[in-house]
Amino acid sequence: MEAVIDDYIEPAELTLHFARYQEEVTTGKVGYNTAFDYGWCLIRSRKTDEVMKGIEMFKHLYKNGQQEARRDCLFFTAVGYTKIREFELALECIDTLLKAEPGNTQAKDLKHVIEDRLKKSGLIGMGLIALGGATVVGAIGLVAMLTKKK
Amino acid sequence: MAAPPAGSTNAPYNYNYIFKYIIIGDMGVGKSCLLHQFTEKKFMSDCPHTIGVEFGTRIIEVSGQKIKLQIWDTAGQERFRAVTRSYYRGAAGALMVYDITRRSTYNHLSSWLTDAKNLTNPNTVIFLIGNKADLDSQRDVTYEEAKQFADDNGLMFLETSAKTGDKVEDAFLETARRIYQLIQDGSLDLNAAESGVQHKPSHVTRPLGTGEQPEATGKSCQC
Ligand SMILES: Nc1nc2c(ncn2[C@@H]2O[C@H](COP(=O)(O)OP(=O)(O)OP(=O)(O)O)[C@@H](O)[C@H]2O)c(=O)[nH]1
Ligand SMILES: [Mg+2]
């Protein structure tokens, strides 16, 4: 599980998916898969602001996307929060997933990692959400396009 | 002579090579169960669909060399297909799995094979696995037919059961033996970033903080 969290995407790959997403944004109709792919790439970025954008993307897809993919959204959101060290928020997401799928070992493993890192860090979050408010609002602006019915 | 810096370690790597593997194929064919069986020797009877990717490692021995397998198990559900492709790069081995009781999973192999060929390097060892061999009464694809497909495409092939464990070790180990043979032949360039193989000379010692450190073994699959 640590390997999955600490595996970073090639910037070129992210750029490619950003371009696809951006193209659909300009046409005013963003496909679910395009957003999902771009979101996952963002979560795998090294850059905090990109991870935060990914989190916003999956929160949005959770509310507005395919029912059967909600588990994926929760999982990726939890991975994103773990990466930016918002452990409490990460736990919230993973607990929601575990409530629906108590036996999911992928989710259980991620929960262990979060609890472990929370214990080691000694702090609760880095306040990134508060400090990075502007970035998050920016990201919400982007995903707002997605509300258009598919 | 200066004393070694505090905290330096003289422990050698407990393996000589790292091979990267990927496991691909349709959803539900048993990829995660194969990984879990290989790393934990256990079978998960109801395993939820993988979200994104899972990861497992195990150290094996081939010709007296310790090899650490780093295995990426990809999600087979269609919505993950675009991004899981980015995990193919630099794989030394690709295990391509279908379910012998579901013909559709066999029919999709050509598409998985196209991805595997396009996204890995020419020396990547592709191993075809027909899983769920324990369910012989529900068989939908004959051994002979799949063997022919494997031969036509230059793939190695075995039927396995992640449930009973039958031939699971063989599939992972034979892939490693083939990769090791390619290294010995000189057809696999260890210096190429895309080869999926890293050499870790076991007698070299490095101080902490320079390059990768030896890792604890054993952490593995989350089926
Ligand atoms: N009888 C039998 N059942 C198996 C075998 N391997 C896997 N299964 C079952 O098949 C189902 C799917 O297995 P998974 O390992 O989750 O399949 P997967 O390929 O990882 O699926 P995705 O993660 O969605 O891509 C599970 O319910 C397993 O218990 C096998 O060798 N024999
Ligand atoms: Mg799986």
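**Exercise 1.** Work out how many residue pairs are in polar contact between chain B and chain A, counting pairs with both residues at pLDDT 80 or more.

*Solution.* Start with the rule: a polar contact is a pair of N or O atoms within 3.5 Å; within protein, one must be able to donate a hydrogen and the other to accept it, and neighbours in sequence count only if both atoms are side-chain atoms. The count comes to eight residue pairs. Next, see where chain B does its touching: strand 2 (53-62) and helix 2 (81-84) of chain B each give two or more residues to that side. Helices (H or I, at least four residues) and strands (E, at least two) are DSSP runs, numbered from the N terminus.

A word on the model: it's predicted, so local features need pLDDT of at least 70, side-chain atom pairs need 80 or more, and totals for chains, interfaces and linings use all residues. Residues are numbered from 1 along each chain, chains are lettered from A in the order written, and side-chain values use heavy atoms, without hydrogens or water.

**Exercise 2.** Find the salt bridges across the interface of chain B and chain A.

*Solution.* Look for a side-chain nitrogen of Lys or Arg within 4 Å of a carboxyl oxygen of Asp or Glu. That rule finds two. One of them pairs Glu13(A) with Arg89(B), the closest N and O atoms being 3.8 Å apart.

**Exercise 3.** Is Thr82(A) buried or exposed?

*Solution.* First place Thr82(A): helix 5 (residues 70-83) of chain A. Then check its relative accessible area, which is 1%. Buried means under 20%, exposed over 50%, partly exposed in between (1.4 Å probe, protein chains only), so Thr82(A) is buried.
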